[in-house]
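Please look over the fold below. The report that follows covers its sheet, its helix packing, its salt bridges and a few single residues.

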Amino acid sequence: GPHVRGVVAVVVVGAPRRRTVPGVELVVATNPDPDSRLPYLLHVPVGDGLVFATKGTWPRTAGLYCHPLPADAWPPPDEVDVVERVPLRACTRRGAAIDVVADRGRESRSQIVFTHARGRQMVFWQSPRTRKQARPDVRTPTARAAGIAELEVVVDAHERYAWSFADQPAVRTVRRGLACGDYAVTAGGRVVAAVERKTMTDLVGSLTSGRLRYALGELSALPRAALVVEESYAKVFAQDHVRPAVVADGLAEVQVAFPGVPVVFCDTRKIAQEWTYRWLAAALSFVEQEGLAATTTGVADAVPVPGAAPEPSTREVRAWALAQGMAVSDRGRLRPDVVAAWRAAHGGGS
């Protein structure tokens, strides 16, 4: 077999016997089960270690089906017949896939993807080459983002001149108070992704005053967030009342300080809406898909916990209170006890 490079041993607790398994390598071994049609075992160093039975040692010419096995299916050190050890630079679960980056020049990137097919859960090991061969003519749909028939977008109740998403018929908007961001999507009653919208004037003003840093700090606490600007980046260098270099440097500094919150420049307001729609739909789809992989692997995705639930609009609370027979005014702010009652009836608050 190939030359063995430094191995870090990890002991899996809870198996019938103490077994030493690699911690920084992808290991392929011979499957000791004579009745299996999958001749190899694959050990993936994620969590306490994932074990699959598979057909090949790397997805070189086709994607490989991987059959999940319990951790104790990996043979003990004195019995394992190792075919190949692949040192890794990265092995991280992101949503419904595990990104595997080998520490070598060729055939370095692959993914282990969790999906549903034929009515059951399936796992495939694929590389950029085999994925392209398997889907040579497939194009991303342009009508509905991420295949979502209706995307509910929460619009911050304080957003002035809010986007209507008129060009996206699959979008339904609701107005509620958001702790941060102007547009968001929720899952399980919690904000899972949000977008902050800014014009160039607003961006420059918040950047020079220092408000932008605080806004990005709040957005970075969400699982996923982005800031979209309704202008092209070139407009940064067309400022009259502030030196363009000050804006460009300040913008670069906050992007480095908050790498988890991308700043996206779109040429027009219409394009910014389109980008936001696609991004929020992709984020929601990602969250829904990652539940499958998290359940299977027992490894949570490397993102913060979901944000708080959005605050309801005054109209929603007023309608609810009237339906409960509570006395509320027809206009103006609601009494604190009415808002508290709404929160108590909807899971304890925001």
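## Overall make-up

Of the 350 residues in the protein chain, 42% are buried. Buried means under 20% relative accessible area, exposed means over 50%, and partly exposed lies in between (1.4 Å probe, protein chains only). This is a predicted model, in which local features need pLDDT of at least 70 and side-chain atom pairs count only at pLDDT 80 or more, while totals for chains, interfaces and linings use all residues. Residues are numbered from 1 along each chain as its sequence is written, and side-chain values use heavy atoms, with hydrogens and water left out.

The protein chain has seven helices and 16 strands. These are DSSP runs numbered from the N terminus: helices are H or I with at least four residues, strands are E with at least two. Take the contacts in the protein chain between residues at least 6 apart in sequence: 57% of them join residues at least 24 apart. Contact means heavy atoms within 4.5 Å.

Six strands form an open sheet in the order 12-11-13-14-15-16, and the pairing is mixed. Two strands pair if DSSP finds at least two bridges between them. Strand 12 (171-176) and strand 16 (263-265) are the edges, each pairing on one side only. On average, neighbouring strands of this sheet are turned by 30 degrees against each other, direction ignored.

Strand 15 (residues 225-229) and strand 16 run parallel and are joined by three bridges. Val229 has Phe265 of strand 16 as its bridge partner. Helix 3 (residues 211-219) lies across strand 14 (190-198) and strand 15. Its angle to strand 15 is about 140 degrees. Axes are lines fitted to C-alpha atoms, for helices over the stretch in contact, and angles run from 0 to 180 degrees between N-to-C directions.

## Helix 2 against helix 4

How do the axes of helix 2 and helix 4 cross? Helix 2 (residues 200-209) and helix 4 (residues 244-257) have axes that come within 10 Å and cross at roughly 75 degrees. That makes the two helices roughly perpendicular, a class that spans 65 to 115 degrees; under 35 is roughly parallel, over 145 roughly antiparallel, and the rest oblique. Helix 2 contributes Leu203, Val204 and Leu207 to the contact, and helix 4 contributes Val247, Gly250, Leu251 and Val254. Six of the contact residues are nonpolar, one is polar and none is charged. Here Ala, Val, Leu, Ile, Met, Phe, Trp, Tyr, Cys and Pro count as nonpolar, Asp, Glu, Lys and Arg as charged, and the others, Gly among them, as polar.

## Salt bridges

The whole structure holds 14 salt bridges. Each is a side-chain nitrogen of Lys or Arg within 4 Å of a carboxyl oxygen of Asp or Glu. The table lists some of them.

| Pair | N to O distance |
|---|---|
| Glu150 and Arg172 | 3.5 Å |
| Lys270 and Asp167 | 3.8 Å |
| Asp202 and Lys198 | 3.3 Å |

Glu150 sits in the loop between helix 1 (128-134) and strand 11 (151-156), and Arg172 in strand 12, so their pair ties together parts 22 residues apart in sequence. Arg172 is partly exposed, at 37% relative accessible area.

Lys270 belongs to helix 5 (residues 269-297) and Asp167 to the loop between strand 11 and strand 12, so this pair ties together parts 103 residues apart in sequence. Lys270 and Asp167 are both exposed.

In the pair of Asp202 and Lys198, Asp202 is partly exposed at 31% relative accessible area. Lys198 counts as buried, at 7%. Elsewhere, salt bridges with shared partners link Glu159, Arg197, Glu230 and Arg269 into one network.

## Single residues

Ser232 is in the loop between strand 15 and helix 4. Is Ser232 buried or exposed? Ser232 counts as buried, at 19% relative accessibility. Beyond its neighbours within four places in sequence, Ser232 contacts Met200, Phe265, Cys266 and Asp267. The C-alpha atoms of Ser232 and Phe265 are separated by 5.2 Å, although the two residues are 33 apart along the chain.

Most residues other than glycine have a negative phi. Glu107 has a positive phi, near 50 degrees. Glu107 lies in the loop between strand 8 (97-102) and strand 9 (109-117) and is partly exposed, at 34% relative accessibility. Phe165 also has a positive phi, near 55 degrees. Phe165 is in the loop between strand 11 and strand 12 and is buried, with a relative accessible area of 2%.
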